[in-house]
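Me: I have a structure open here and I am new to it. Can we go through some of it in short questions?

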Amino acid sequence: MNSTVRFPVSIEFFPPKTPEGVEKLRVVRQQLYALMPEFCSVTFGAGGSTQEGTFSTVRDILSEGVSAASHFSCIGATRAGVREQLATLKAMGVKRLVALRGDLPSGYGTGGEFHYASDLVAFIRAEMSDDFYIEVAAYPEIHPQAKSAESDLKAFAAKAQAGANSAITQYFYNSDAYFRFVEDADALGVQIPVVPGIMPIASSSQLMRFSDACGAEIPRWIRLRLLGFGDDTASIKAFGLDVVTDLCEQLRAGGAPGLHFYSMNQSAATLEICQRLGLAA
Ligand code: FAD
C-alpha cells in the first residue's frame, strides 16, 4: 500500500446513557483517534429517542477536532420536525449525516410523513441543498423486511438517485455478498462508494443476538466455532480478531473504498484489527 495515501477508516459509536458512559466513551474516542478516522458517526434511536445523547456526542466529537456524522432516522417523523432537527445539526457545524428509515419498537404504528430512507434523502436535498454529505445504509445480505433481493437493490438505487453521496453496509462475514452487491448496484448505474461495515467479534451471545435482529448472517463455521469456545472469552476474542482481520484484508484487496467500524463504544478490537492491517499510525 502507498504509505502517503491512508486507507479511509471511519468509526461508529452509540450515545451513552449514563455520565460514566459519557466519560468512558471520551477515553475510547481518544484511543481510536490514533487511527485518524475520516469521520466518527453516532447512532440515533428511531423515533428520536436518543436525540439529546446523539447530538451531544456529535458535539463532543466536533469539539475534539474530528469530523462527525449524525445518524438520523425518519420513521414516525414529520417534515416540520425533521426540518427543525436539520437546522439544529447545521448550526452545530455537522456536515455529514447517515440518513436512515430506522425501526420503531414493535407496538408503535409507523405514522409519520416519511416511508423510506429515500424519502428522507430527497427531503434533505430539497431543503438543504448540498449542506450535508449524505450516507445511506446498504445490505449486501438483503434487508430483513425486503420483498425480494431485487426490490431491496432497487430501494438502494433509489437512495442514491435521491442524492446520497455514499453508503455504509450492514455488517457481514462473507465478502462475496459484499462484492456481489457492489457489482449488482453498479449494473443498475449506482456508482456511489459502498463502504463495508465491520463488526469486530467480542462476545458470541451479543453477536448472535444482534445478527438475528438485523438479518446479518453468521456463517455456520464461525457460529459453531464460537459456540465451541463456550465462556472462554480470550479464545473468542482471538478467533474474532483473526476472522475479522482476514475479512478486512479480502475487502481491501478487492477494492473496498474504506472500512467503517461498529466500535460498540470499545477500542481494543478495532485498534488491534487496524494494527494488523497496518492502518494504525
Ligand atoms: P430503507 O432504505 O428505507 O429500507 C427499509 C426497507 O424498505 C427495506 O426492506 C427496503 O427494501 C424497503 N424499501 C425501501 N424503499 C422501498 C420502496 N420504495 N418500495 C418498497 N420497499 C422499499 N437504525 C437506527 O434506528 N438508528 C441508527 O443510527 C442506525 N444506524 C444504522 C447504520 C447503518 C450503516 C446501517 C446499515 C443500519 C443502521 N440502522 C440504524 C438500522 C436501520 O435503521 C434499519 O436497518 C432499518 O430497518 C432500515 O433502515 P434503512 O435506512 O436501510 O431503510
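Me: Which residue stands opposite Leu97 in β5?
Reply: That is Ile134. Bear in mind that this is a predicted model.

Me: Which strands are β4 and β5, and how do they pair?
Reply: β4 covers residues 96-100 and β5 covers residues 133-138. They pair in the parallel sense, over 4 bridges.

Me: What do the 8 strands close into, and in what order?
Reply: They close into a barrel, in the order β1-β2-β3-β4-β5-β6-β7-β8, with parallel pairing. Neighbouring strands of this sheet are turned by 30° against each other on average, direction ignored.

Me: Which strands does helix α9 lie across?
Reply: Helix α9, residues 233-253, lies across β7 (194-198) and β8 (259-262). The helix runs at about 175° to β7.

Me: Switching to rings. How many aromatic pairs are there?
Reply: The count comes to 10 aromatic pairs. One of them is Tyr178 with Phe179, an edge-to-face pair at 5.3 Å centre to centre and 70° between the planes.

Me: Why is that pair called edge-to-face?
Reply: Because planes over 60 degrees apart count as edge-to-face, and here the angle is 70°.

Me: Are Tyr178 and Phe179 buried or partly exposed?
Reply: Tyr178 is buried, at 3% relative accessible area. Phe179 counts as partly exposed, at 22% relative accessibility.

Me: Which residues form an aromatic cluster?
Reply: Phe44, Phe55 and Phe72 form one.

Me: And what lies over the face of Phe7?
Reply: Arg252 does, at 5.8 Å from the ring centre.

Note on methods:
Residues are numbered from 1 along each chain as its sequence is written. This is a predicted model: local features need pLDDT of at least 70, side-chain atom pairs count only at pLDDT 80 or more; totals for chains, interfaces and linings use all residues. Side-chain values use heavy atoms; hydrogens and water are left out. Rings of Phe, Tyr and Trp (its six-membered ring) pair if their centres lie within 6.5 Å; planes under 30 degrees apart count as stacked, over 60 as edge-to-face and the rest as tilted. Buried means under 20% relative accessible area, exposed over 50%, partly exposed in between (1.4 Å probe, protein chains only). A charge sits over a ring if NZ of Lys or CZ of Arg is within 6 Å of the ring centre and within 35 degrees of the ring normal. Two strands pair if DSSP finds at least two bridges between them. Helices (H or I, at least four residues) and strands (E, at least two) are DSSP runs, numbered from the N terminus. Axes are lines fitted to C-alpha atoms, for helices over the stretch in contact, and angles run from 0 to 180 degrees between N-to-C directions. Contact means heavy atoms within 4.5 Å.
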